[in-house]
Amino acid sequence: MALAQEKAAGLGRLAAEAARVLGCGDAGMEAAEAVIRAGLLRLGGSMLEQLLAADHGHRGPRVPCGRGHEAVFTGYRDKSSGTVLGLVTLTRAWYHCAACGHGLAPRDAELGLAGTSMSPGLAAMNDRAAAAGPFARAASLLGDLAGVRLTAKRVERAAESSGAALAGAGRDRARLIAARKLVPLPPSPLPDKLYAVIDGTGVPMTSKETAGREGKGEDGRARTREVKLAVFFTQDKLDEDGYPVRDRDSTSVIATFEPASVFAGLVRAEGIRRGADHVRQFTIIGDGAAWICYPDLGVTDLVPVTWLSRWCPGGAGGTAVRVMRSGIVIVFALRVSVTMTRVARRS
Ligand SMILES: [Zn+2]
């Protein structure tokens, strides 16, 4: 009740200030919008802070530390977190594990704030902005569109950490799928054919990112790192000129800076996930680079397979090339490699 009264008084003051700037000439409307938004964010932030203060996160004298020991309550500590409503400070119970030598607050984990100074809502917003362009631009977008002030460095750190968490979860899932411990349902409706285009390309890097890596240039310094990419898609229909058209929303992408062996596992898992075991034909399109060809890829037991590059060891003897409108070169194999035939027979 006190909270509601206090907020009502705050709203009254905000309305008075907005009315004042609204009357200040041509830019009055924009100024009033800015004043009201900033004021509402402030009010919202303090409302959230007071709601959070209702639970100080005391969970008894001891809690599990997460590594098999018990952590002991030592007192209360403050933690400040960025939220979509601005900076919010939370006071919560702190526990210390003598065996691990570090502390934890159960309340942080409950709120999704463990090990981070950004609320889940702000982190999600930050991820969207950071995915749209350079970090400095993302920071300025967040300021302009959401009224949230973050430095480019903070945007970068949070986005990197979300990216790492997402990649880790994806990697775990891929490992289970590739090992057939997790069996995804086949796509429905099942496409007749599935395609995967695989390639690698150099991505320009700052010198910090390429430190210790060998480059192709005369000074031996690396200026790029190779990103390996696989694009999975289906194209069940033809356009009026008889060219295949990629099915809308059928594209999924795998990308990693990691070595071919790791990439191969991700591709294999994605192939399985996309129904490579069930389609009539799974086609891999590559330029014949050694790491794409054989044998690291590990997708060759996903049958039936048509191997399309004549540069691959034991690959197709005759090939036909068709260039699609999108610029993708499709190499049609006239004779399937010995390896592939053997694998295909197993089915
Ligand atoms: Zn411990």
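This is a predicted model: local features need pLDDT of at least 70, side-chain atom pairs count only at pLDDT 80 or more; totals for chains, interfaces and linings use all residues.
Let me turn to the helix itself. Helix α8 covers residues 260–273, a total of 14 residues. From first C-alpha to last, α8 reaches 19 Å, close to the 20 Å expected at 1.5 Å a residue. Eleven of those 14 residues are buried, so the helix is largely enclosed by the rest of the structure. Among the buried residues are F263, L266, V267 and I272, and the charged residues R268, E270 and R273 also belong to this group.

Because G200 has 18 C-beta neighbours inside 10 Å, it counts as partly exposed. G200 lies 9.2 Å from A255, C-alpha to C-alpha, although 55 residues separate the two in sequence.

I now move to a second region. Here four strands form an open sheet in the order β1-β2-β3-β4, with antiparallel pairing. Its edge strands, β1 (62–64) and β4 (102–104), each pair on one side only. On average, neighbouring strands of this sheet are turned by 45° against each other, direction ignored. Between β2 (residues 70–83) and β3 (residues 86–97) there are eleven bridges; S81, for example, has V88 in β3 as its bridge partner. Finally, helix α2 (residues 28–52) lies across β2 and β3, and runs at about 20° to β3.

Conventions. Residues are numbered from 1 along each chain as its sequence is written. Helices (H or I, at least four residues) and strands (E, at least two) are DSSP runs, numbered from the N terminus. The expected span of a helix is 1.5 Å times one less than its number of residues. A residue is buried if 20 or more other C-beta atoms lie within 10 Å of its own, exposed if 12 or fewer, and partly exposed in between; C-beta atoms are placed from the backbone. Two strands pair if DSSP finds at least two bridges between them. Axes are lines fitted to C-alpha atoms, for helices over the stretch in contact, and angles run from 0 to 180 degrees between N-to-C directions. Two residues are in contact if their C-beta atoms, placed from the backbone, lie within 7 Å.
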